[in-house]
Amino acid sequence: MNFTELSEKTRSYRQFQEERTIPAEKLREMINVAGLAPCASNLQRLRFSIVTDKREKLVLFSGIGWAGYLADWSGPEPGKRPSAYIVVHAPEAEKSFTGIDVGIVASYIVLAASGAGIGSCMLLNFDRGLTDSVAPAPGYKPELVIALGYPGESVLLEKDNDEIRYWRDQNGVHHVPKLSLETLILKG
Ligand SMILES: Cc1cc2nc3c(=O)[nH]c(=O)nc-3n(C[C@H](O)[C@H](O)[C@H](O)COP(=O)(O)O)c2cc1C
């Protein structure tokens with residue numbers, strides 16, 4: 001699979017095969033890859049927590065907001081929930097580039113996951129307090145949660161589509177529209 005194909009495959013999944021465990025070494029490898037990512041001044045300020053414990057996952061799950069555009073869906077049912085989460089932590093001391101660093105490591109993680117056949121969803125809509133209780137990191141704050149699991153739904157890329165809102169059809173297939181190259185390129 002070349003990089004374009006991997007990028008096409010790397011969609012946000014919100015339903016998983018919950019009982020199918022992701023091997024610990026695969027989760028650690030995703031963080032290893034995140035550690036290779038470029039970052040401002042090579043400061044490498046971000047840290048990561050892996051959450052796989054059943055009770056801790058339930059706590060994290062209870063604070064997550066899923067798929068804002070799907071108004072009549074409140075998130076995955078038991079059995080379809082993430083098998084694991086990675087929490088990305090940044091130092092409490094703010095830096096202007098933190099969000100950029102977080103976005104880059106998150107991209108590396110979801111691409112690495114996808115390359116291993118594992119689905120993911122980056123989540124900004126999560127409860128910071130609950131996340132701190134499950135993955136305490138003194139001096140750090142949770143910036144992003146990434147849900148992970150073997151895919152439990154079909155997600156289809158809709159290329160060259162002017163729509164931005166994803167939708168789910170009557171068969172439960174999740175469709176993700178993406179703008180055309182002509183729309184994206186302003187010059188050149
Ligand atoms: C920074 C960021 C925050 C996101 N937060 C959430 C979230 O809180 N809940 C959710 O269901 N999806 C979240 N997503 C997933 C986006 O909705 C998803 O990336 C978008 O719909 C496009 O789908 P795709 O990832 O398959 O391209 C987030 C994505 C990013 C990059």
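Trainee: Does S41 count as buried or exposed?

Mentor: Bear in mind that this is a predicted model, where local features need pLDDT of at least 70, side-chain atom pairs count only at pLDDT 80 or more, and totals for chains, interfaces and linings use all residues. Residues are numbered from 1 along each chain as its sequence is written. A residue is buried if 20 or more other C-beta atoms (placed from the backbone) lie within 10 Å of its own, exposed if 12 or fewer, and partly exposed in between. S41 has 9 C-beta neighbours inside 10 Å, so S41 counts as exposed.

Trainee: What phi does S41 have?

Mentor: Start with the background: most residues other than glycine have a negative phi. S41 sits in the loop between α2 and β1 (47-51); helices (H or I, at least four residues) and strands (E, at least two) are DSSP runs, numbered from the N terminus. S41 is not a glycine, yet its phi is positive, at about 55°.

Trainee: Let's zoom out. How many helices and strands does the protein chain have?

Mentor: Follow the sequence and you get the pattern α-α-β-α-β-α-β-α-β-β-β-β-α. Count the elements and the protein chain has six helices and seven strands.

Trainee: What radius of gyration does the protein chain have, and why does that agree with a compact globule?

Mentor: The C-alpha trace spans about 45 × 45 × 30 Å along its principal axes. The radius of gyration is taken over C-alpha atoms, and the globule rule is 2.2 Å times the number of residues to the power 0.38. With 188 residues that rule gives a radius near 16 Å, which agrees with the chain's 17 Å.

Trainee: What share of the chain's contacts with a separation of 6 or more comes from residues 24 or more positions apart?

Mentor: Two residues are in contact if their C-beta atoms, placed from the backbone, lie within 7 Å. Among contacts with a separation of 6 or more, the share from residues 24 or more positions apart is 75%.

Trainee: Is I86 buried or exposed?

Mentor: I86 is in strand β2. Beyond four places in sequence, I86 touches M30, I31, F48, I50, I109, I146 and L148; I146 in turn has contacts that include Y85, A106 and M122. With 25 C-beta neighbours inside 10 Å, I86 counts as buried.

Trainee: How far apart are the C-alpha atoms of A84 and I50?

Mentor: A84 is another β2 residue, and it counts as buried because it has 24 C-beta neighbours inside 10 Å. A84 and I50 are 34 residues apart along the chain, but their C-alpha atoms are separated by 7.2 Å.

Trainee: Which strand gives the largest share of the shell around the ligand?

Mentor: The shell has 13 residues, with R11, S12, M122, L124 and N125 the closest; a residue is near a molecule if its C-beta atom, placed from the backbone, lies within 6 Å of it. By class there are eight nonpolar, three polar and two charged residues, where Ala, Val, Leu, Ile, Met, Phe, Trp, Tyr, Cys and Pro count as nonpolar, Asp, Glu, Lys and Arg as charged, and the others, Gly among them, as polar. The largest share, three residues, comes from strand β3 (residues 119-123).

Trainee: What distance separates the centres of domain 1 and domain 2?

Mentor: The chain is divided into domain 1 (3-152) and domain 2 (154-188), with bounds from an automatic or database domain assignment. Their contact takes five residues from domain 1 and six residues from domain 2. Taken over C-alpha atoms, the two centres are separated by 22 Å.
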